[in-house]
There are 2 protein chains.
Amino acid sequence: MTDENAAPPPDFDAAFRDKLKDLFLWRRDVRRFLADPLPDGLIEELLGQAALAPSVGNSQPWRFVLVEDTERRRRVRDDFEAANQDALNGYSGERAQTYAGLKLAGLDKAPVQLAVFSDQATERGHGLGQNTMPEMLPYSVVAAVNTLWLAARAAGVGVGWVSILHPEKVSAVLDVPADWRLVAYLCLGRPEEEHRDPELVRAGWQDRAAIGEFILKR
Amino acid sequence: MTDENAAPPPDFDAAFRDKLKDLFLWRRDVRRFLADPLPDGLIEELLGQAALAPSVGNSQPWRFVLVEDTERRRRVRDDFEAANQDALNGYSGERAQTYAGLKLAGLDKAPVQLAVFSDQATERGHGLGQNTMPEMLPYSVVAAVNTLWLAARAAGVGVGWVSILHPEKVSAVLDVPADWRLVAYLCLGRPEEEHRDPELVRAGWQDRAAIGEFILKR
């Protein structure tokens, strides 16, 4: 055991907990970015924090792909445009109109694009905890994405999760191993504006429900 | 727009960011709990924070089931014991011996047991963002679990995620709607001891890898 691990745990006092709750409140899905590049090393620092997320059997199945090539970015954006048109075609009337007015991705300006995969063939963790719930591998990757998101917001970096994409198409465009499954395609950068309420609430798409609606006892 | 939403965003300063990183570092999967009950209202407060997690299309698909009934708890624990025996039978030699020595659930003592489901039939969010990646619903629930975990740790409450269970069995024991999919079965309570390093690292099951191993550029 190293000295660091033997140290007493930090005191997460009331002031910290209040600010942590503020962080949860102000973490937004950002689609409107400034094009300015992020400071050198910041993404690597944020990914290091993401890798502190819980993972099943300590399998650490997260694989982070920084998408920098202009041509690959263009092909991902083309796939988004096609999938978004298909999605729009599934709505009608007023909801179709609202959908058409939504901005659903920051692929146009975000300086950083990050594809996050789950290595479904990793031997790390030796399968522990995956027998009856194999979905625990991608779930662990989602925990890393959520951790990254919070660390980024605290550092003034906005994150947007683009799921209007065909995962197998993105995997092909990025030429990753066959056993990697796309979990998230993220845009990162300085946000154009800051909001406490979600964009989909402001746009009249979907309100927040009260927490009581989601709790049962058994 | 309410006044709260128009307020300027908080300043997440360097001191807060350092402590947030400490929180990520000290968040552990806890399997050894004190049996003491948690203070009244604390779970509800933590679930309220969990519901601030991102969700696809703001669908809020998380459904939280507090498992309080002794008989239901016994049946969940029986399922864990059976699944854990099956898992042990899949290992051999030294690894089987190590596995047999691991404590993999706090179902014996944790005062709170919480099953977290994804409502696969929710109409909230109107399907936005789910067309090509329907797994975004359970992924949103994982984000809520991760958020809950961090809020809990900051409040001195340990969380352990038990995935050595048959999800359909747990759903039957808890008598939830057919469209709900089990995402996580969690134990919560005061931890018996605090550690900065994961139990699976201390027990020699799986070390942490360096972040550089997980980053690619394309």
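Guide: Start with one pair. Phe64(A) stands opposite Val116(A) in strand 2 of chain A. Keep in mind that this is a predicted model.

Visitor: How many bridges join strand 1 of chain A to strand 2 of chain A, and do they run parallel or antiparallel?

Guide: Five bridges link strand 1 (residues 62-66) to strand 2 (residues 112-119), both of chain A. The two strands run antiparallel.

Visitor: What is the order of the strands in the sheet?

Guide: Read across it: 3(A)-4(A)-2(A)-1(A)-5(B). That makes an open sheet of five strands, with mixed pairing.

Visitor: Which strands stand at the edges?

Guide: Strand 3 (158-162) of chain A and strand 5 (215-217) of chain B. Each has a single partner strand, so one side of each lacks a neighbour in the sheet. On average, neighbouring strands here are turned by 30° against each other, direction ignored.

Visitor: Which helix of chain A packs on the sheet?

Guide: Helix 6 (residues 136-154) of chain A. It touches strands 1, 2, 3 and 4 of chain A, and its direction makes about 5° with that of strand 4 (180-189) of chain A.

Visitor: How does strand 5 of chain B join strand 1 of chain A: parallel or antiparallel?

Guide: Parallel, with three bridges. Look for Val65(A), which stands opposite Leu216(B) in strand 5 of chain B.

Visitor: What describes two packed helices?

Guide: The angle between their axes and the distance between the axes. Now the case here. Helix 2 (residues 14-26) of chain A packs with helix 6 (residues 136-154) of chain B at about 170°, and their axes are 10 Å apart. An angle over 145 degrees counts as roughly antiparallel, and therefore helix 2 of chain A and helix 6 of chain B are roughly antiparallel.

Visitor: Which residues make that contact?

Guide: Phe16(A), Arg17(A), Leu20(A) and Phe24(A) come from helix 2 of chain A. Thr147(B), Ala151(B) and Ala154(B) come from helix 6 of chain B. By class, five are nonpolar, one is polar and one is charged.

Visitor: What relates two copies of a chain?

Guide: A rotation about an axis and a shift along it.

Visitor: How many residues of chain B are in contact with chain A?

Guide: 84, and they meet 84 residues of chain A. Helix 2 (residues 14-26) of chain B gives the most to the side of chain B that touches chain A: ten residues. That side divides into 47 nonpolar, 17 polar and 20 charged residues.

Definitions and conventions
Residues numbered from 1 in each chain as written. Chains lettered and ligands numbered in written order. Predicted model: local features only at pLDDT ≥ 70, side-chain atom pairs only at ≥ 80, totals over all residues. Pairing = 2+ DSSP bridges. Helix = DSSP H or I, 4+ residues; strand = E, 2+ residues; numbered from the N terminus. Axes fitted to C-alpha atoms, helices over the stretch in contact; angles between N-to-C directions. Contact = placed C-beta atoms within 7 Å. Parallel < 35°, antiparallel > 145°, perpendicular 65-115°, else oblique. Nonpolar A, V, L, I, M, F, W, Y, C, P; charged D, E, K, R; others polar.
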